[in-house]
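Dear colleague,

I am handing over the structure that we spoke about, and my notes on it follow below. Please read them with the structure open beside you.

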Amino acid sequence: MASKQLKQFTREEVAQHNTENDLWIIIDAKVYDISKFKNLHPGGLSVLSDPEIAGQDATEAFFSLHRYEVLEKPQYQRLQVGVIQGEQSVIYSRITGEISKVPYAEPTWLTPGYHSPYFTENHREFQRACRKFFETVVRPDAEAREADGKRPSQEVIDKMAELNLHAMRMGPGKHLQGRTLMGGVVKPEEFDYFHELIITQEFARASLRGYADGLLGGKVIGLPPVLNFGSEELKAKVIPEVLSGRKFICLAISEAHAGSDVMGLQTTAVKTEDGKHWIINGSKKWITNGTFADYFTVGCKTEDGFTVILVERGPGVETKQIKTSYSSTAGTAYITFDNVKVPVENTLGEEGGGIFVILSNFNHERWVMCCGSARGQRAVVEECLKWVNQRKVFGKPLHSQAVIRSKLAAMIARCESVQSWLENITYQMCNMTYRQQANKLAGQIAFLKSYSTACGQDTARDAVQIFGGRGITQSGMGRFIEHYHRTIPFDSLLGGAEDVLADLGVRQALRIMPKDARL
């Protein structure tokens with residue numbers, strides 16, 4: 001519509017088109033002829049033929065029922081016949097990649113006029129590139145796949161590979177050497193955990209929760225043990241396949257009898273008589289990406305204790321998708337291993353040393369989840385602030401209700417505190433070795449993961465109360481709130497249940513208590 005000259009009308013001229021067969025309305029200084037559309041309107045004809053709507057300014061009524069994106073659909077754009085003379089639209093469509101002007105919709109470091117000790121101009125340039133990519137490439141596929149339940153499109157995976165986003169999601173390290181990152185925006189040696197934080201948060205902002213895990217979430221947690229503990233031969237084979245998006249990998253730890261209790265695993269790995277192979281038997285449950293994985297990073301009970309072994313899909317490996325209220329897009333699976341024969345060279349780390357491999361991996365996994373959780377909560381805050389500003393109740397904006405403002409205050413406080421704690425931990429990660437992170441940050445990250453997902457659940461509950469019935473409807477004004485409320489319980493379990501992680505944080509603190517500490 002923007003490409004052609006639109007006719008200008010006065011409000012008096014529009015008011016003359018107020019009959020059932022000649023029905024015009026005004027929305028944000030734009031004139032729409034809905035005469036032919038009236039019978040297709042989901043709300044029925046009576047809504048549109050209301051004397052306060054027909055031929056009148058319907059902006060307030062429209063935005064109390066519809067999101068702006070409705071007006072951007074081609075079938076509705078074609079209904080526009082002109083604009084109001086001498087008036088300008090005040091509600092603008094969102095520009096791809098722009099920074100939101102809604103208070104608290106962006107972290108402080110991205111908000112104009114604020115400052116940060118952590119983020120540089122390179123981080124800001126990197127963020128702009130990430131936002132544009134995720135909004136234009138990932139968001140449309142996320143919505144389509146959430147609708148049909150299929151795994152993320154290979155086309156999206158390939159485009160991410162072209163920019164080396166799969167490699168960057170593994171964090172800084174040698175695996176980035178020689179790669180062109182995000183079209184050259186950042187050099188491999190300059191890439192740090194704040195760049196990775198940006199990727200995860202922009203991804204979370206533009207995506208949907210189940211799709212985010214489906215888009216190789218299993219790789220983020222399944223490949224690091226190979227990167228950090230695999231043999232050179234194993235890394236040379238597996239890493240290029242996974243980072244290019246040609247093969248998929250998942251982390252297979254949880255079992256029906258052992259979730260957060262890693263040492264209670266019952267899947268066994270026994271060596272053959274010649275000592276050249278492992279024979280693996282057992283099952284795994286709730287494994288993200290398991291249904292379409294080619295490689296499985298498996299926690300096993302061995303003679304020496306607990307060992308992690310990389311298993312390639314083949315004879316004896318079977319996967320079955322688990323249906324959840326969360327999302328079939330994530331490919332959550334039940335996996336069985338029936339006398340699966342695996343070369344001992346596929347052992348990750350030392351035999352019996354699997355607990356260090358997994359605990360080291362858990363730190364990064366939980367940190368990534370904190371990044372996504374913080375951004376998800378912020379997106380909900382933005383949705384709620386927009387809604388309370390446009391929704392009218394008892395003749396006044398919804399935000400005129402003190403109880404609503406109280407809920408918003410709590411949501412904002414939780415969101416900001418999670419982000420601030422996250423940025424502090426991220427700075428520590430940037431200045432510690434991988435082993436130092438494992439020793440010093442396990443408790444901190446466990447605490448933050450427990451706190452952030454608990455905050456998310458509180459925010460989801462408050463958001464539903466603010467949106468009312470719309471907050472539990474999978475379409476329309478509250479569709480993002482419904483999705484968030486439905487999927488947030490999974491964040492409280494993935495990577496370790498909230499209560500278990502909170503207890504881990506306390507035990508870590510007690511372990512380093514000075515012996516001379518007394519009141």
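**Strands, domains and one interface**

Strand S4 (residues 30-33) and strand S5 (residues 80-84) run antiparallel and are joined by three bridges, where strands are DSSP runs (E, at least two residues) and helices likewise (H or I, at least four residues), both numbered from the N terminus, and where two strands pair if DSSP finds at least two bridges between them. Within this pairing, tyrosine 32 has glutamine 80 in S5 as its bridge partner.

Before going further, please note that this is a predicted model, in which local features need pLDDT of at least 70 and side-chain atom pairs count only at pLDDT 80 or more, while totals for chains, interfaces and linings use all residues. Residues are numbered from 1 along each chain as its sequence is written, and side-chain values use heavy atoms, with hydrogens and water left out.

S4 and S5 belong to an open sheet of five strands with mixed pairing, in the order S1-S5-S4-S3-S2. Its edge strands, each of which pairs on one side only, are strand S1 (7-9) and strand S2 (18-19).

The domain assignment divides the chain into domain 1 (7-84), domain 2 (110-215), domain 3 (237-351) and domain 4 (361-512), the bounds coming from an automatic or database domain assignment. The centres of domain 1 and domain 4, taken over C-alpha atoms, are separated by 39 Å. Seven residues from domain 1 and nine residues from domain 4 take part in the contact, which means heavy atoms within 4.5 Å.

Between them, domain 1 and domain 4 bury about 680 Å², of which 39% is on carbon and sulfur atoms; buried area is the accessible area (1.4 Å probe) that two parts lose on being put together, summed over both. Of the area that domain 1 buries against domain 4, Glu60, Ser64 and Arg67 supply 65%, more than any other three residues.

Three salt bridges are found across the interface of domain 1 and domain 4, a salt bridge being a side-chain nitrogen of Lys or Arg within 4 Å of a carboxyl oxygen of Asp or Glu. Arginine 479 forms a salt bridge with glutamate 69, in which the closest N and O atoms are 2.7 Å apart.

Lastly, leucine 385 is found in helix H13 (residues 354-390). Not counting residues up to four places away in sequence, leucine 385 touches Val102, Pro103 and Leu408, whereas leucine 385 and alanine 509, 124 residues apart in sequence, are 38 Å apart in space, C-alpha to C-alpha.
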